[in-house]
Amino acid sequence: MVNKSGQFKSHFMKIFSNIFFLALLSITAWAQERNAPPEVNYSKYFTAEKKYLVLPVKNGAPKRNVELWVDGINTRFFDIELAEETPDWLAYLDISQWKGKPVELRVDKIKQGSGVFNPIVQSDTDGNDDGLYKEKFRGQFHFSPKRGWTNDPNGLVYYNGEYHLFFQHNPYGRGWGNMSWGHAVSKDLVHWKELDVALHPGPFGPVFSGGAVVDQENTSGLGKPGKPAMVMFFTGARAWSQYLAWSTDGRSFQKLEKAVVPRINKDNRDPKVVWYEPSKQWVMVVYVERAHEQHSMQFLTSPDLKDWTPVSSINGGAGRDGYLFECPEFFQLTVEGSKETKWILTGANSEYAIGNFDGKVFKPETERLNGQRGRDFYAAQTYSNEPKGRRIEIGWWRTHTDREGMNFNQSMSIPLELKLERRTEGLRLIRRPVKELEALRNKTYSYGKMKLKDNSANPLSSLDIELAEIRLEFEPGTAKEVVLNVRGVPVIYNAVKQELTIDGVTASAPLQKGKQKLIIYADRTGLEVFAGDGLLFMPVNINIKPEIRSLSISARGGTASVSDLKVYQLESIWD
Ligand code: FRU
């Protein structure tokens, strides 16, 4: 038996050795710090000669503040995980507009003697081309930025024969920050070409989310003869005010210096603008936080996109209840099979209300319907000026792509066509993949009608596939479950509860006229699943193991009847 004094001694020894160890650690850290070169502020002039200034990035390195001063103006400012030794990747900043001018590069704190900007590198080409779009975690039919971070889609507008996709973008890091509007264009909503950053932070602060319209009638006077302006609205996140930018060529952008809508109350952001034909006025919906964290959507009207008058406001949830919280979307749809029209109001989480609008006040008839039931689909926006009159939506899909050596992070969803349909549940917003995606099918595997029961052979056993679109129609019959295993991810339909479960996410998927109709798109970054002929949209982000390339379908607890099953092998949009 150990006596009391023995116990005390060993206790004392433990404390003593802990203190000794901690002291040793801090002495070592202190010595390292003493020996480390001091950090100094850096400033150097260079002449802008090429298209880009090249900035080396080391993921996880301490953030440095960089400024570019031209003609005495702080034209670009951002933070960056500056690689003082070997970079993980290179960021590119367009300096072509200052060609021939002296530019002062200021960096707060780099290690004394660091060679990071010795020399300052300029380039005419946007590098990182080696293996671009072929990266392990790069969605192959989802838009993601070449490098850096994206979140919300912004300014979705069809203009001059192109679908424009602006996006919340950090061009200098793969985490959120330095919010700018990145820019990509597409002729078909499927293949995207990324262009230079369209809107950079300015005196108003970072450029947060917003929408865009085409001012066909030149109500703003910003257009040129025969060239209507594309007008974009964004939040300047320093003053929480709404600003306007425009373009008459879809490539170069100008901004009005003064806010068009000064801050109303607390957090104000994400202006969405639509045209209201009966009163021939523009309508803006902007998120406004009220007292006690009450979320609201503020409506304003304007004859010219510049002068805005507040006209009404509608409350959503409060605090963590995300109903009608940030990123408003507001549009009109015709009820399928009728002449009746309704307005839809939604916030970033896609919960929506269906109602009527008189040009000033939105009166909901049905509220808080679920827009989607997946994981991490957020801040969706729809296209204005869509040439076929469709209502097309793209959302931010929080994919897990900042892994290993990737130099980009996050992506957009596939484009979705929205319709308003009367179902047994009532009027509902229906989402389906856009028709244009069919162009990606490069091989079709068709399976006819079949019965599935416990232990039946897997009809898909011969498939070896990466990018896939699967279309399945079945009646569950006596089966309790029908399971489609997509490259190692089980998509489980529980026929008793009429629910779908994928990777721990469960959503109600009621049979429609006794049938279940599933559409599944499988990319490297997850599955986008449509059930009940578009009633349920369930995107589930999950990095699919590259080595698993098989599919299987099975039934449990009874016999299910498959009336149609097709698997399409898809090609990459980047090829
Ligand atoms: C939604 C959001 C917006 C904001 C933007 C900033 O994801 O928080 O409200 O404008 O992201 O990046």
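# A guided look at contacts and strands

Visitor: Which side chain makes a polar contact with the side chain of T382?
Guide: In this structure, which is a predicted model, the side chain of T382 takes part in a polar contact of 2.8 Å. The residue itself is found in strand β24, which spans residues 377-382. The partner in that contact is the side chain of R391.

Visitor: Is T382 buried or exposed?
Guide: A residue counts as buried when its relative accessible area is under 20%. For T382 that area is 0%, and because this value falls under the cut-off, T382 is buried.

Visitor: Where is H200, between which strands?
Guide: H200 counts as buried, because its relative accessibility is 11%, and its side chain makes a polar contact of 3.5 Å with the side chain of R76. As for its place in the chain, H200 belongs to a loop that lies between two strands, namely β11 (193-199) and β12 (212-215).

Visitor: Which residue is the bridge partner of W181 in β11?
Guide: Strand β10, made of residues 180-186, pairs with β11 in the antiparallel sense, and four bridges hold this pairing. These strands form a hairpin with six residues between them, where L189 takes a positive phi near 70°. Within the pairing, the residue of β11 that partners W181 is L199.

Visitor: How many residues surround the ligand?
Guide: The shell around the ligand divides into six nonpolar, three polar and four charged residues. Strands β8 (148-159) and β16 (268-276) each supply at least two residues of this shell. The closest residues are D152, Q168, W176, R269 and D270, and the number of residues surrounding the ligand is 13.

Visitor: What share of its accessible area does the protein cover on the ligand?
Guide: Polar side-chain atoms lie 2.8 Å from a ligand oxygen atom in the case of D152 and 2.7 Å in the case of R269, while an N or O atom in the side chain of W176 is 3.0 Å from an oxygen atom of the ligand. On its own the ligand has 320 Å² of accessible area, and the share of it that the protein covers is 91%.

Visitor: How far apart are the end C-alpha atoms of residues 142-429?
Guide: An unreviewed UniProt entry annotates this span as "domain: Glycosyl hydrolase family 32 N-terminal". In the model, the span is 0% helix and 52% strand, and the distance between its end C-alpha atoms is 23 Å.

Visitor: Which residue of β37 stands opposite F474?
Guide: Strand β32 covers residues 468-475 and strand β37 covers residues 516-523, and the two run antiparallel, joined by seven bridges. Within this pair, the residue that stands opposite F474 is Q516.

Visitor: Which residue of β41 stands opposite R471?
Guide: Strand β32 also pairs with strand β41, residues 560-570, in the antiparallel sense over eight bridges. In a regular strand, the side chains alternate between the two faces of the sheet. The residue in β41 that stands opposite R471 is K566.

Notes:
Residues numbered from 1 in each chain as written. Predicted model: local features only at pLDDT ≥ 70, side-chain atom pairs only at ≥ 80, totals over all residues. Heavy atoms only, no water. Pairing = 2+ DSSP bridges. Near = heavy atom within 4 Å. Polar contact = N/O pair within 3.5 Å; in protein donor to acceptor, adjacent residues only side chain to side chain. Areas by Shrake-Rupley, 256 points an atom, 1.4 Å probe, with all protein chains shown as cover. Nonpolar A, V, L, I, M, F, W, Y, C, P; charged D, E, K, R; others polar. Buried < 20%, exposed > 50% of the residue type's maximum accessible area, 1.4 Å probe, protein only. UniProt positions renumbered as here; feature names shortened; annotations may be inferred.
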